[in-house]
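Subject: Structure for your review

Dear colleague,

Please find the structure below, followed by a summary of what was found in it.

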Amino acid sequence: MKNCFLLLFFLINSTFSYPQRGDTKHLSLAMDSMIERLDSTFNSQFGMGIVVVKNDKIIYEKYKGFADVENLEKVAEGTEFYLSSITKSFTAMAALLLHEKGKLDLDKRLTQYFNDIKFEGVPYADSINIRHLLSHTSGISNDYLADRKAYYGNYTHGVLLKLLSKFTTTNAVGLGNFDYDNLGYNILELIIERELGQDWKEVVTDEVLKPIGMDETFTSLSALMNHQIPVAQPHYQSNISGALEKLEIKKNDKMLHAAGGNYSTVKDMAKWLIVQLNEGKINGKQAIPAHLIKLSHTPQAFQELTYIDIDRYGYGYGWNLGVNIEKDTIIHHFGGFPGYHSEVWLQPENDIGVAVMVNEGSGIGIVTSYLLSSYAIDYFLHPEGIDEKYENQLAAYSQMAMENFESMAKEKEKRSERQWKLELPNQMYVGTYTSEELGSIQIAFSDSKGFQVTHGLIKSKTVEPYTLENSMRVDILENGSVFKFNIKDGKVKSLVQEDVVYIKEY
């Protein structure tokens, strides 16, 4: 009996190590084994949804971990995950479809769409078109507009136009050169509203999601909530033991934007993969024109960047183009936001697609998503020595994680020893502070909770002493930001955050 078990163990592990090229029979065993190794290495409990497709079929899907650790809710088949920047691939396709139908001109200039704006900070504004916006080659920047859309939600349409006019400047690389950001897609939102009288949410839903049958993908969080569909909440793994903390930062409709706004499920992301790999077809139907799928995967910009082990050489319309260590073409896009990370990989030559979504956006969530996506591709294309390769990678990332957690723990302990250096009574710092660039910040104080900060629609996680006089460290986007207060005549006049001045209202 003992020898039989040993033989069975040997046969199974031999299958994991040396699967046949293109063999789907043992994929589930191999992927489950990889997930178990990741879990045992990082003790991860956060939620995950993963799907692998080949040709036009789902060949693997998996759900695990907590969707909400506070309420002990587990990830299930219908759980929605925030896709973040993967949304760009949907928005870009919607723009290509609108151009095809004659509803939107991708070659029309920025100054033609906004003839009421001078763009004084951009001498080549008359040469920028929507294609530049979609391929990150517009040569412009405007962090204030992009930050309000993604993080703070404190805007009106008029405010966005004002920010676009006053704070848009040239970036470091110039027109025609790749510089990834959200701004181009945010400007496209404004153009769509002007030209079509619709917002991007309606356009992406009508042009892309409905034709494909992606009924479980939402551009509106309020619509998702109205359907009472479970959503994976944002979390943070705080140590190598797997302790999971639910984050305070939460999205709402005003923080969902064309560069990062979709929520989706594993089943729906499988449909998106199938459409990409099968020239726009799904279930025998031509949902998206084949030539537009091909165009979206065609380089529109050159880049020379590396993401972990992928060397990126180009950017299409909403897709990064690169090669892995083995020089396989990987068409991909990733998305990240505090408490979330998502990845979509396409290996078109072999008709393989992978999507991984997790509700943990720090190092562990990113590494887990990347290794699972990479493993699924290697399982088919480079099976020999696959286990040894990933054991070595896990050992390296485990060491990095340990060092990172130890460093963060030391930094947190160091911060806990700081003493407040506020020269005025605490209540004197309470109030509303406003800047033209980023809107209003509210500071409150109570004896039980201490200081609390709200910036737009986002509330602080912690507010701590800082080393400078009349300052505080505010953790509002899961990273520390310093507020420095200016005092005059015994009153707080303003605060400065990263060179932005907020005037206190009296």
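A charge is taken to sit over a ring if NZ of Lys or CZ of Arg is within 6 Å of the ring centre and within 35 degrees of the ring normal. By that criterion, K74 lies over the face of F66, at 5.3 Å from the ring centre. K54 is placed over the face of F380, at 5.6 Å from the centre of that ring.

Two points on the source should be kept in mind. The model is predicted, so local features need pLDDT of at least 70 and side-chain atom pairs count only at pLDDT 80 or more, while totals for chains, interfaces and linings use all residues. Residues are numbered from 1 along each chain as its sequence is written, and side-chain values use heavy atoms, with hydrogens and water left out.

Aromatic pairs

A search of the whole structure gives 20 aromatic pairs. Rings of Phe, Tyr and Trp (its six-membered ring) pair if their centres lie within 6.5 Å; planes under 30 degrees apart count as stacked, over 60 as edge-to-face and the rest as tilted. The pair of Y82 and Y340 is edge-to-face, because the ring centres are 5.6 Å apart and the planes stand at 70 degrees. This pair links distant parts of the chain, with Y82 in strand 5 (residues 81-82) and Y340 in strand 17 (residues 340-347), 258 residues apart. Helices (H or I, at least four residues) and strands (E, at least two) are DSSP runs, numbered from the N terminus. Both Y82 and Y340 are buried, where buried means under 20% relative accessible area, exposed over 50% and partly exposed in between (1.4 Å probe, protein chains only). Ring pairs also join Y82 and Y340 with Y151, Y152, Y263 and F337 in a cluster.

Y429 and F485 form another edge-to-face pair, at 5.1 Å centre to centre and with 75 degrees between the planes. Y429 is in the loop between helix 14 (386-416) and strand 19 (431-435), whereas F485 is in strand 25 (residues 480-488), 56 residues apart. Y429 and F485 are both buried.

Nine strands form an open antiparallel sheet in the order 22-21-20-19-27-26-25-24-23. Two strands pair if DSSP finds at least two bridges between them. The edge strands, strand 22 (458-459) and strand 23, each pair on one side only.

Within this sheet, five of the five residues of strand 24 (residues 471-475) are buried. On one side these are S471, R473 and D475, and on the other M472 and V474. Strand 24 runs antiparallel to strand 23 (residues 462-465), with four bridges between them, and V463 stands opposite V474. Their hairpin has five residues between the strands, and N470 there takes a positive phi near 50 degrees. Strand 24 is also antiparallel to strand 25, through five bridges, and S471 stands opposite K484. In that hairpin, with four residues between the strands, E478 has a positive phi near 65 degrees.

A buried lysine

K149 lies in helix 6 (residues 143-152). Is K149 buried or exposed? K149 counts as buried because its relative accessible area is 6%. The side chains of K149 and Y155 are joined by a polar contact of 3.2 Å.

A polar contact is a pair of N or O atoms within 3.5 Å; within protein, one must be able to donate a hydrogen and the other to accept it, and residues adjacent in sequence count only if both atoms are side-chain atoms.

Yours sincerely
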